[in-house]
Amino acid sequence: MDWMIGGGDPWQMDLDYWERRRQMMNEGETFGGPPGEYLSNIDTAMDAFSPDADPDWHQIDEAQLRRELEAAIGNLKRIGYLD
């Protein structure tokens with residue numbers, strides 16, 4: 001969410017996300033229940049992101065990544081998972 005607000009290097013944000021995600025899983029976080037679908041949408045968008053100027057057909061660019069994250073974060077806020 002910090003990157004969505006403040007900007008910065010999207011690739012570094014992606015790498016930082018996966019590092020934190022692995023840490024949370026190692027701590028026992030299960031990411032289930034109602035927020036699970038939206039968290040899965042974030043994982044999918046992050047996995048599909050490519051910083052390349054000409055991403056492959058199965059990858060998304062920064063603009064699409066922002067749209068995907070905005071939708072998922074909006075849904076997580078709507079269900080009360082995020083403030």
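In helix H3, the buried residues are Gly-36, Tyr-38, Leu-39, Ile-42, Asp-43, Ala-45, Met-46 and Ala-48. Buried means under 20% relative accessible area, exposed means over 50%, and partly exposed lies in between (1.4 Å probe, protein chains only). Helices (H or I, at least four residues) and strands (E, at least two) are DSSP runs, numbered from the N terminus. The model is predicted: local features need pLDDT of at least 70, side-chain atom pairs count only at pLDDT 80 or more, and totals for chains, interfaces and linings use all residues. Residues are numbered from 1 along each chain as its sequence is written, and side-chain values use heavy atoms, with hydrogens and water left out.

H3 has 13 residues. From its first C-alpha to its last it reaches 18 Å, close to the 18 Å expected at 1.5 Å a residue. The expected span is 1.5 Å times one less than the number of residues. The buried residues of H3 pack against H2 and H4. Contact here means heavy atoms within 4.5 Å. Ser-40 also belongs to H3. Ser-40 counts as partly exposed because its relative accessible area is 38%. Ser-40 and Asp-9 are 31 residues apart in sequence, and their C-alpha atoms are 22 Å apart in space.

Two salt bridges were found in a search of the whole structure. A salt bridge is a side-chain nitrogen of Lys or Arg within 4 Å of a carboxyl oxygen of Asp or Glu. One joins the side chains of Asp-43 and Arg-21, at 2.4 Å from N to O. This pair links distant parts of the chain, with Asp-43 in helix H3 and Arg-21 in helix H2, 22 residues apart. Both Asp-43 and Arg-21 are buried.

Another salt bridge joins the side chains of Arg-66 and Glu-62, at 3.7 Å from N to O. Both residues lie in helix H4, four residues apart, about one turn of the helix. An α-helix has 3.6 residues a turn, so residues three or four places apart point the same way. Arg-66 counts as partly exposed because its relative accessibility is 22%. Glu-62 is also partly exposed, at 32%.

The largest pocket holds about 520 Å³ of space. Its lining draws two or more residues from each of helix H1 (2-6), helix H2 (10-26), helix H3 (36-48) and helix H4 (62-78). On a 1 Å grid over the protein atoms alone, a cavity is a set of points where a 1.4 Å probe fits but cannot get out; a pocket is an open set with protein on both sides within 12 Å along at least five of seven lines, and lining residues have an atom within 4 Å of a point. Grid points are joined across faces, edges and corners, and a volume is the space filled by probe spheres set on the points. The largest pocket is lined by 19 residues. Met-1, Tyr-17, Arg-20, Leu-39 and Ile-42 lie nearest its centre. H2 gives the largest share of the lining, six residues. The lining has 15 nonpolar residues, no polar ones and four charged ones. Ala, Val, Leu, Ile, Met, Phe, Trp, Tyr, Cys and Pro count as nonpolar; Asp, Glu, Lys and Arg count as charged; the others, Gly among them, count as polar.
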